[in-house]
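Welcome! Let us walk through this structure together, beginning with the ligand and then moving on to the sheets.

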Amino acid sequence: MIPAQFDYVAPTTVEEALAALRQYGDDAKLLAGGQSLLPVLRMRLNAPEWIIDLGRIDSLRGVREDGDAIVIGAMTPHSVVGSDPLVAQHAALVTKAVAELADAQIRHRGTFGGALAHADPAGDLGGPVRALDAEFVIAGANGTRTVSADDFFVDLFETAISEDEILTEVRIPKHTGWGAHHEKMVRVAHQWPICAVAATARVEGGTIADIGIGLANMGNTPLRAGGVEEALRGQPATEDSVRAACARAAEGTSPPSDLNGSADYRNHVVQVMCRRAVMGALEGAGA
Ligand SMILES: Cc1cc2nc3c(=O)[nH]c(=O)nc-3n(C[C@H](O)[C@H](O)[C@H](O)COP(=O)(O)OP(=O)(O)OC[C@H]3O[C@@H](n4cnc5c(N)ncnc54)[C@H](O)[C@@H]3O)c2cc1C
């Protein structure tokens, strides 16, 4: 199917884009890489009268260092994020997750901010940004505000971004020297995960000094495996302690049942994947 007819604007600044959002209100939709929006338009699940293309706003693109954080512009394509040396050095978990996200064509067009704004609970980036305590910078009529990753994901395909706001960048505290591992289960290569676990850890003298673990497709939003993190902080970086802690991986989750697996199956498999992800992160941290 082809999309319903729409008008198109391509502003060159965030201010112009915000003005267009104010002007067209409910009739408008923001376009980033189009990898999720265009299928929705083609299936006519949504028929906005105006498309506001963010693709010509240069300030929304790129990766930079800002003190103890790295900052990823919302319109930075997955392929650029995945090969960026700053991201690899300070947020290795993102590099690993992006490497497994969809295929090369989608990574070339799709954007870091577009994927997070889309907020598919099966997306590969939600778990890592939660595990890394990222912050989301959102621009609106009254300036910008910053939202923590814990508060950003509100519900299924719903975030803290209001209709008249734009996600401009994602700030990730530097996790330099932390090990990282992304464990993703798919039936078909390059597809959305049935379930995924993103783990990053810091080890000091054989002890797990700190750890972050995010889960994909285990509920309506990307989740954090807080029980496992709590059980592992201060514990020896050994397979026995990891195995015991990861028995808590499904705590507080409410996974879907679908053709790829039942909720019970996901509740079981997430424990196994959690162990693999944490062991991989510990190994990367020198344990
Ligand atoms: C076949 C296929 C397989 C895929 N597999 C995976 C996978 O394995 N893992 C995975 O994580 N993803 C996967 N994706 C999705 C991919 O990551 C997309 O890039 C992503 O979901 C949307 O990013 P986009 O830049 O294309 O955004 P768009 O499709 O342009 O926009 C998505 C939504 O976000 C809104 N939006 C975009 N940017 C902003 C902004 N700056 N501020 C506010 N709102 C905004 C748009 O209005 C729209 O509602 C797949 C996609 C396809 C088509």
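A polar contact here is a pair of N or O atoms within 3.5 Å; within protein, one of the two must be able to donate a hydrogen and the other to accept it, and residues adjacent in sequence count only if both atoms are side-chain atoms. Before using that term, a word on what you are looking at. This is a predicted model, in which local features need pLDDT of at least 70 and side-chain atom pairs count only at pLDDT 80 or more, while totals for chains, interfaces and linings use all residues. Residues are numbered from 1 along each chain as its sequence is written, and side-chain values use heavy atoms, with hydrogens and water left out.

Now to the ligand. A backbone N or O atom of A32 lies 2.8 Å from one of its oxygen atoms. For A115, a backbone N or O atom is 3.3 Å from an oxygen atom of the ligand. K184 takes part through its side chain, where an N or O atom is 3.2 Å from a ligand oxygen. On its own the ligand has 980 Å² of accessible area, and the protein covers 89% of this; such areas come from the Shrake-Rupley method with a 1.4 Å probe, and for residues only the protein chains shown count as cover.

Which elements give two or more residues to the shell around the ligand? They are β2 (28-31), α7 (112-118) and β10, and α7 gives the most, with 4 residues. Helices (H or I, at least four residues) and strands (E, at least two) are DSSP runs, numbered from the N terminus. In total 29 residues surround the ligand, the closest being L30, Q35, S36, L37 and T111; a residue counts as near if one of its heavy atoms lies within 4 Å. The shell divides into 15 nonpolar, 11 polar and 3 charged residues. In this count Ala, Val, Leu, Ile, Met, Phe, Trp, Tyr, Cys and Pro are nonpolar, Asp, Glu, Lys and Arg are charged, and the others, Gly among them, are polar.

Strand β10 also leads us to an open sheet of 5 strands, with the order β4-β5-β10-β6-β7 and antiparallel pairing. Two strands pair if DSSP finds at least two bridges between them. Because β4 and β7 (143-148) stand at the edges with a single partner strand each, one side of each is left without a neighbour in the sheet.

Finally, look at a second open sheet, of 4 strands, with the order β11-β12-β13-β14 and antiparallel pairing. Its edge strands are β11 (179-185) and β14 (223-224), each pairing on one side only. Between β11 and β12 (residues 195-204) there are 7 bridges, and E183 stands opposite V197 in β12.
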